[in-house]
Amino acid sequence: MGLYKATNKIAMQNIIEIIRRGGVIIFPTETIYGLACDATNENAVQRLLEIKGRSGENYKPPPVLIAGEDQLNLLVESIPEGARDLMRAHWPGALTLVLPARENLSSLLTGGASTIGVRETGHAIARALCENSGVPLIATSANFSGATGRAAMPQSLNDIPQELKDKVEAVVDGGIVGGAPSTVIDCTVLPFRVLRQGAVVL
């Protein structure tokens with residue numbers, strides 16, 4: 001595990017290379033610290049889930065962070081009427097939209113369903129990593145599955161167990177982050193359904 005300051009340009013380039021090689025990182029987002037990897041690399045996603053300890057019949061796939069329309073199009077088959085309005089109003093930002101997934105996506109991203117959760121991140125570090133690595137990033141909370149207390153919503157590196165830090169290739173120090181999870185809306189049903197109320201209030 002390497003600890004990198006987000007303000008160091010050389011360090012950030014190293015992190016981008018780690019992502020491109022299929023590594024798993026811990027990084028800050030506009031909501032909480034997350035575990036992340038290249039969402040298009042199935043081996044990397046599998047390893048991230050193993051690190052987190054997320055599996056089984058009740059498996060819920062993590063959301064995917066994007067930076068721009070090109071990365072959205074890699075993941076989504078279509079955008080339901082009305083969803084585009086939500087994007088214009090709240091992206092980039094802490095709003096995750098559940099949208100129709102492309103048929104060729106890994107079940108690790110969809111949970112075997114025909115949908116995928118996507119968010120265009122507005123956090124400077126997370127967005128820079130998406131943009132400069134050229135890939136969307138899986139982003140799930142930087143904790144072990146079933147975490148409680150401060151570890152359930154890590155707002156700083158101090159909230160993340162050292163055991164978890166030791167399992168990843170890089171940890172990005174971005175200071176203290178917001179703490180509220182993203183709001184999640186299912187745009188594949190009518191009317192749209194709020195699955196989780198979070199940072200964005202609608």
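Is Asp-159 buried or exposed? Asp-159 is buried, at 9% relative accessible area (buried means under 20%, exposed over 50%, partly exposed in between, with a 1.4 Å probe and protein chains only).

## About the model

This is a predicted model, in which local features need pLDDT of at least 70, side-chain atom pairs count only at pLDDT 80 or more, and totals for chains, interfaces and linings use all residues. Residues are numbered from 1 along each chain as its sequence is written, and side-chain values use heavy atoms, leaving out hydrogens and water.

## Salt bridges

The whole structure holds ten salt bridges (a side-chain nitrogen of Lys or Arg within 4 Å of a carboxyl oxygen of Asp or Glu). In one of them, Asp-159 meets Arg-150 with the closest N and O atoms 2.5 Å apart; Arg-150 is exposed at 61%.

Helix 4 (residues 83-90) carries both Arg-88 and Asp-85, three residues apart, and their side chains form a salt bridge at 2.5 Å, N to O. (Helices are DSSP runs of H or I with at least four residues, strands are runs of E with at least two, and both are numbered from the N terminus.) In helix 6 (residues 124-133), Arg-127 and Glu-131 sit four residues apart, and a salt bridge of 3.2 Å joins them. Glu-120 is linked with these two in a network of salt bridges.

## Around strand 9

Let's turn to the strands. Strand 9 (residues 183-186) is covered on both faces, with Thr-183 and Ile-185 buried on one side and Val-184 and Asp-186 buried on the other. Strand 5 (residues 95-100) runs parallel to strand 9, joined by four bridges (pairing takes at least two DSSP bridges between two strands), and Leu-95 stands opposite Thr-183.

Strand 10 (residues 193-196) pairs with strand 9 in the antiparallel sense over three bridges. Six residues lie between strands 9 and 10 in this hairpin, where Ile-185 has Val-194 as its bridge partner.
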